[in-house]
Amino acid sequence: MRLRNLSRIPASEITDEAVYRDRRRLLGMLAATPLLGLSGCAEAEPPPPPKTRVSVAQARAGFGTDEELTRYEDITSYNNFYEFGTNKDDPSRAAKTLRTSPWSVVVDGECAKPGTIGLEDLLRGIAAEERVYRLRCVEGWSMVIPWTGVPLGEVLKRFEPTSKAKYVAFTTLADPKQMPGLRYRSIDWPYREGLRIDEAMHPLTLLATGLYGKALPQQNGAPLRLVVPWKYGFKSIKSIVAIRFTERMPKTAWNELQPSEYGFFSNVNPAVDHPRWSQKTERRIAGTKSKLFAGRIPTLPFNGYADQVASLYAGMDLRKWY
Ligand SMILES: Nc1nc2c(c(=O)[nH]1)N[C@H]1C(S)=C(S)[C@@H](COP(=O)(O)O)O[C@H]1N2
Ligand SMILES: [Mo]
């Protein structure tokens with residue numbers, strides 16, 4: 001396996017470019033071995049949800065950042081959206097044809113008021129907010145993005161989740177006519193992600209509909225995507241068509257593909273390296289410098305949102321529940 005070559009290089013010398021090429025290669029290899037995804041699932045026995053909850057006031061105090069913003073052109077041309085290809089510049093070219101209107105979302109599972117609901121109705125009456133968040137990709141690069149959106153919790157409450165709703169599962173559109181990347185059976189499409197219910201209800205968790213005050217471009221997950229700023233970027237699922245409340249931890253796309261590398265929780269954690277590269281630093285793509293010359297900075301626990309969210313994981317071994 002070619003992966004071995006990379007693992008001999010000291011993690012500190014691997015650039016995130018090499019990492020993402022490697023991650024992409026992994027897709028190709030695993031596609032040929034469908035059973036691999038079933039082995040070694042660390043999430044078989046989820047821990048009980050913790051009792052401590054951060055208050056809304058506490059969380060709101062930590063919103064925003066003074067850091068230099070990533071340029072609009074970089075946010076919209078350097079993307080991960082594998083439904084449109086695995087190169088960073090594929091989505092901005094190939095996603096133009098994604099039809100984002102009309103758009104509806106199926107909400108079901110453990111809730112009193114399931115239904116299929118149009119995007120406008122889903123968001124109606126909930127005030128849109130701007131949130132400037134850091135986005136840290138598991139590959140080792142990061143951006144600072146001014147999103148527009150609504151707190152996910154405000155939306156979820158309307159469906160009246162039952163006491164059995166311990167998790168929330170999300171699904172991306174999977175339409176081969178619109179998404180050329182679906183031809184490659186790399187990820188087991190549709191792309192799926194999930195959160196524990198307390199993570200989903202946390203006031204930092206955003207359902208984004210825009211960035212830089214404009215409607216979300218297709219390549220960034222239009223018309224509706226998740227943004228969970230304290231988790232690796234792959235948790236922030238794009239172009240959502242289904243939301244399900246579940247009692248059991250839902251299966252998620254990257255975890256299924258390689259459970260030893262991509263956990264269900266995937267909280268940003270510089271103390272727990274990816275098995276094939278370090279997570280201690282990141283390449284910050286921000287300001288006017290070209291993304292190729294962006295400098296490396298230390299990665300912060302929970303991507304800098306520890307004051308708001310660390311209590312959600314009180315008593316959990318974050319090495320085990322990576
Ligand atoms: N449906 C879907 N959602 C996705 C992905 C994807 O390939 N498909 N990539 C994820 C990854 S790895 C990252 S880093 C972010 C990137 O978001 P951005 O392109 O808006 O910066 O989207 C996440 N959401
Ligand atoms: Mo990512």
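Tutor: Begin with a definition: helices (H or I, at least four residues) and strands (E, at least two) are DSSP runs, numbered from the N terminus. Keep in mind also that this is a predicted model.

Student: In which loop is Pro102 found?

Tutor: The peptide bond from Ser101 to Pro102 is cis, with omega near 0 degrees. As for its place, Pro102 is in the loop between α5 (90-94) and β1.

Student: Which residue does a cis peptide bond join to Pro223?

Tutor: Pro223 is placed in the loop between β8 (214-215) and β9 (225-227). The peptide bond has an omega of about 0 degrees, and the residue it joins to Pro223 is Ala222.

Student: What is the phi of Glu160?

Tutor: Glu160 is in the loop between α7 (152-157) and β5 (167-172). Glu160 is not a glycine, yet its phi is positive, at about 50 degrees.

Student: What separation do the C-alpha atoms of Pro114 and Phe159 have?

Tutor: Pro114 belongs to the loop between β1 (104-109) and β2 (115-118). Leaving aside neighbours within four places in sequence, Pro114 is in contact with Val107 and Asp108. Pro114 and Phe159 are 45 residues apart along the chain, while their C-alpha atoms are separated by 6.1 Å.

Student: Now the ligand. How many charged residues are in the shell around ligand 1?

Tutor: There are 17 residues around ligand 1, and those that come nearest are Asn79, Tyr82, Glu83, Asn220 and Lys238. The shell divides into seven nonpolar residues, six polar ones and, for the charged class, four.

Student: Where does ligand 1 sit?

Tutor: A nitrogen atom of ligand 1 lies 3.0 Å from an N or O atom in the side chain of Thr172. The place where ligand 1 sits is the largest cavity.

How values were computed
Residues are numbered from 1 along each chain as its sequence is written. Chains are lettered from A and ligands numbered from 1 in the order in which they are written. This is a predicted model: local features need pLDDT of at least 70, side-chain atom pairs count only at pLDDT 80 or more; totals for chains, interfaces and linings use all residues. Side-chain values use heavy atoms; hydrogens and water are left out. A residue is near a molecule or strand if one of its heavy atoms lies within 4 Å of it. A polar contact is a pair of N or O atoms within 3.5 Å; within protein, one must be able to donate a hydrogen and the other to accept it, and residues adjacent in sequence count only if both atoms are side-chain atoms. On a 1 Å grid over the protein atoms alone, a cavity is a set of points where a 1.4 Å probe fits but cannot get out, and a pocket is an open set with protein on both sides within 12 Å along at least five of seven lines; lining residues have an atom within 4 Å of a point. A molecule sits in a cavity or pocket if more than half of its atoms lie within 2 Å of its grid points. Ala, Val, Leu, Ile, Met, Phe, Trp, Tyr, Cys and Pro count as nonpolar, Asp, Glu, Lys and Arg as charged, and the others, Gly among them, as polar. Contact means heavy atoms within 4.5 Å.
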